[in-house]
Amino acid sequence: MDQRRRGGFLDTTVRLLTRRNSVYIAFILTGALVGERVIDYGINKLWESRNVGKRFEDIPSLGKKVAEE
Amino acid sequence: MATRVRSTTGVVARRLSRVVVFMQEKQALRTCTTQSTTHHGLELLQVMKCWQQEAGYKKIAGRGFRLLALLGAGATGMLGLSGLAYADEAEHGLQSPSYPWTHNGIFSSYDHTSIRRGHQVFKQVCAACHSMNLIAYRDLIGVAYTEDEVKEIAAEIEVQDGPNDEGEMFSRPGKPSDYFPAPYANEQAARFSNGGAYPPDLSLICKARHNGQNYVFALLTGYREPPAGVSVREGLYYNPYFPGGAIAMPKVINDGGIEFEDGTPASASQMAKDVVSFLTWAAEPEADERKLIGAKWIFVGCLLLFQVGHYKRWKWAPIKSRKLVLDVVN
């Protein structure tokens, strides 16, 4: 009947990951951990690029009050 | 020809008419299928022909509902117009302009240098009459000042503290965990010192007033001579942005009123802008973090949307691609 379909990249990855439930769960957990760090880093970089000079660390006179003592 | 109407009543009427027509067509289908005869192949064709004839009168039935839709649209339109907000100036004050705050926008953070200067303006100008009960000195750490600076600022005030071991109340210099001091002991004292008017607490003023940050800026810089024919009584001042026009607070933000410690020239608009930045932060200190979290999770949500959509269509594919064969045999 149907010949075995030639797998594309997505097809192969999905097949590998969903074959066994243990692999699936492991993928979800590591994906969440790694993905959160990646997204945090990416969006923080975007935020900083859009808000140059407005951060707390960028205040020019930071620490001056105490230094005057 | 009925014009396209967009009103809730019209939409509901159109939907109802469609339901009625659907029921009529279902009935027509039932009559047609009972009448069908022998051959399997021609069955569906005969059924469809009969169905079209039976349901031909749907056009006449639809017209009545179009009339209902038109009537509904007219009624909704009249009701809607009557509710227009005319922004009565005496009641709401002059509408404040929209200033281009640098913290407006999804990816815009507060200007923390401005918050620092705004705190200085508040401390030297506003704190004489206005309290700020919900802000503690430690809230400024990491926002406008370092921890050592905050300890130094807090130590400038004297705070009454609880009974000591001898059972006496004592006063001590402030700590970062203390809240901003109130200028008056209670509301009555505040009213007495300000001609009967109570200077409101400023912790949440930018959220508590409509269009808060623009309103406060416009108010602080908006003092002017009353127009011809308008007079305000002794003790009040004219400000068009204040509802009613007569405010008990005099103009306190003036050019060169204070000296910023970082040397920024202290014009009235600079001071007003900084103090409003400070007040906006005080009302919404979580704004920076909130915008970041929103960006991250809406982004993740969009990815999940694709995943969930794909999963749904994958599960439904066998059902959506099945074929139904009507095999009606009497």
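Buried means under 20% relative accessible area, exposed means over 50%, and partly exposed lies in between (1.4 Å probe, protein chains only). Keep that handy for the tour. What you have open is a predicted model, where local features need pLDDT of at least 70, side-chain atom pairs count only at pLDDT 80 or more, and totals for chains, interfaces and linings use all residues. Residues are numbered from 1 along each chain as its sequence is written, chains are lettered from A and ligands numbered from 1 in the order in which they are written, and side-chain values use heavy atoms, with hydrogens and water left out.

**Stop 1: chain A**

Select chain A. You'll find three helices and zero strands, in the order α-α-α along the sequence. (Helices are DSSP runs of H or I with at least four residues, strands are runs of E with at least two, and both are numbered from the N terminus.) Of the 69 residues in chain A, 13% are buried. Its accessible surface is about 6,100 Å², with 58% belonging to carbon and sulfur atoms; areas come from the Shrake-Rupley method with a 1.4 Å probe, and for residues only the protein chains shown count as cover.

Now pick residues 9-18 of chain A, helix α1, together with α2(A): their axes come within 6 Å and cross at roughly 110°. That makes α1(A) roughly perpendicular to α2(A). Angles of 65 to 115 degrees get that label, while those under 35 are roughly parallel, those over 145 roughly antiparallel and the rest oblique. The axes are lines fitted to C-alpha atoms, for helices over the stretch in contact, and angles run from 0 to 180 degrees between N-to-C directions.

Show the side chains where they touch: A:L16, A:L17 and A:T18 from α1(A), and A:V23, A:Y24 and A:F27 from α2(A). Contact here means heavy atoms within 4.5 Å.

**Stop 2: across to chain B**

On the α2(A) side, pick A:I39, A:D40, A:I43, A:N44 and A:W47; they meet B:D288, B:K291, B:L292, B:A295, B:K296, B:F299 and B:V300 in α11(B).

Zoom in on A:I43, in helix α2 of chain A. Is A:I43 buried or exposed? With a relative accessible area of 11%, A:I43 is buried. Leaving out residues up to four places away in sequence, A:I43 touches B:L292, B:A295, B:K296 and B:F299.

**Stop 3: a serine in a loop of chain A**

Go to A:S61, in the loop between α2 and α3 (64-67) of chain A. A:S61 counts as buried at 2% relative accessibility. Which residues does A:S61 touch, not counting those up to four places away in sequence? They are B:R116, B:E149, B:E261 and B:D262.

**Stop 4: chain B**

Switch to chain B, with 11 helices and four strands. Of its 330 residues, 33% count as buried, and the accessible surface comes to about 21,300 Å², 60% of it from carbon and sulfur atoms.

Finish at B:S96, in the loop between α4 (89-92) and α5 (112-126) of chain B. B:S96 counts as buried, at 12% relative accessibility. Select what B:S96 touches, again not counting residues up to four places away in sequence: B:N211, B:N214, B:Y215, B:A218 and B:Y241.
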